[in-house]
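Visitor: I would like to learn how to read a model like this one. Please take me through its features one at a time.

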Amino acid sequence: MTIMPKLPEKTIERLSQYRRALLICLGKNKQYIFSHELAGMLHLTPVQVRRDIMLIGYSGTLRQGYEIREMIALIGKIIDSEEGLKVAVIGLGNLGRAMISYFNGKRTKLSIVAAFDINQEKVNRVYAGVPCYHIDMLSKIIRSENIPIAIMTVPGDEAAKVTESLVLAGIKGILNYTPTPVNVPANTYLQEYDMITSLEKIAYFVKQGNREEHI
Ligand code: ATP
């Protein structure tokens, strides 16, 4: 088996998007797809799509394009772990609950298996099939359940403290949904997702657009 070099972050993001788009096509009984079609669905250029697909060592045919099933399987081999990976949600507030409801049951090799909270009223309950433990149990459950990924949905001022506990508990990847950026050691993968910044960015460009129209 050939070992593929580590792929760039942006390529991994696009591979995940390609797979979702390809699954939609498959659902419509489509068998083949051209790079320009896939690009059109995702607002990318065909060149970008072809470059990514080449990077993962796949090639379609000039006449028919890419074979959809084959490509979905290949992307799965690259992104997924064979046995699947477990995920924990830290902070079972509105956002944490939304993450669980949205995520579980989706076709993915990732499953949210535990939630943690500091509020006694939320602890020892099951939310949408996911048990909620007290945050003091973090290390114990993370290790016994072998959970490598955490989604952090606590208030921003708790983010640093919770991150520290997650790293100590052996978590290897964190999705930070709080508005506060955090630091992690080099062997922990961190993805920050700040919804407010994303929305404010849109607001800025919407405002610019409106202004141009009014000049
Ligand atoms: P709710 O009104 O249900 O508490 P919310 O979304 O308004 O929801 P937030 O204040 O944003 O709540 O907090 C999110 C969740 O994080 C809450 O359930 C809160 O109890 C929990 N939380 C706060 N601090 C910690 C912490 N240090 N460790 C774990 N969970 C925490």
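Visitor: Which polar side-chain atom lies 2.9 Å from a nitrogen atom of the ligand?

Guide: First, the ground rules. This is a predicted model, with residues numbered from 1 along each chain as its sequence is written. Local features need pLDDT of at least 70, side-chain atom pairs count only at pLDDT 80 or more, totals for chains, interfaces and linings use all residues, and side-chain values use heavy atoms, with hydrogens and water left out. A polar contact is a pair of N or O atoms within 3.5 Å; within protein, one must be able to donate a hydrogen and the other to accept it, and residues adjacent in sequence count only if both atoms are side-chain atoms. Here the atom belongs to Glu158.

Visitor: How much of the ligand does the protein bury?

Guide: Accessible areas come from the Shrake-Rupley method with a 1.4 Å probe; for residues, only the protein chains shown count as cover. Taken alone, the ligand exposes 620 Å². The protein buries 68% of that.

Visitor: How many residues surround the ligand?

Guide: A residue is near a molecule or strand if one of its heavy atoms lies within 4 Å of it. The ligand has 15 such residues around it, and the closest are Gly93, Asn94, Asp117, Lys122 and Glu158.

Visitor: How does that shell divide by residue type?

Guide: Ala, Val, Leu, Ile, Met, Phe, Trp, Tyr, Cys and Pro count as nonpolar, Asp, Glu, Lys and Arg as charged, and the others, Gly among them, as polar. The shell holds six nonpolar, five polar and four charged residues.

Visitor: What is the overall make-up of the protein?

Guide: Helices (H or I, at least four residues) and strands (E, at least two) are DSSP runs, numbered from the N terminus. The protein has eight helices and nine strands. Its C-alpha atoms fill a box of roughly 60 × 60 × 35 Å along the principal axes.

Visitor: Is Met99 buried or exposed?

Guide: Buried means under 20% relative accessible area, exposed over 50%, partly exposed in between (1.4 Å probe, protein chains only). Met99, in helix α5 (residues 94–103), counts as buried at 11%. Across the protein, buried residues make up 32% of the 215 residues.

Visitor: Where is Val113?

Guide: Val113 is in strand β4 (residues 110–117). At 22% relative accessible area, Val113 is partly exposed. Ala88 is 25 residues away in sequence, yet the two C-alpha atoms are 6.1 Å apart.

Visitor: What does the side chain of Thr153 reach?

Guide: The backbone oxygen of Gly91, at 2.6 Å. Thr153 is in the loop between β7 and α7 (159–169). Thr153 is buried, at 10% relative accessible area.

Visitor: Which residues have a positive phi although they are not glycine?

Guide: Most residues other than glycine have a negative phi. Asn29 has a phi of about 65 degrees, and Asn146 one of about 55 degrees. Asn29 is in the loop between α1 (9–27) and β1 (32–33). Asn146 is in the loop between α6 (138–145) and β7 (149–152). Asn29 is exposed at 72% relative accessibility, and Asn146 is exposed at 61%.
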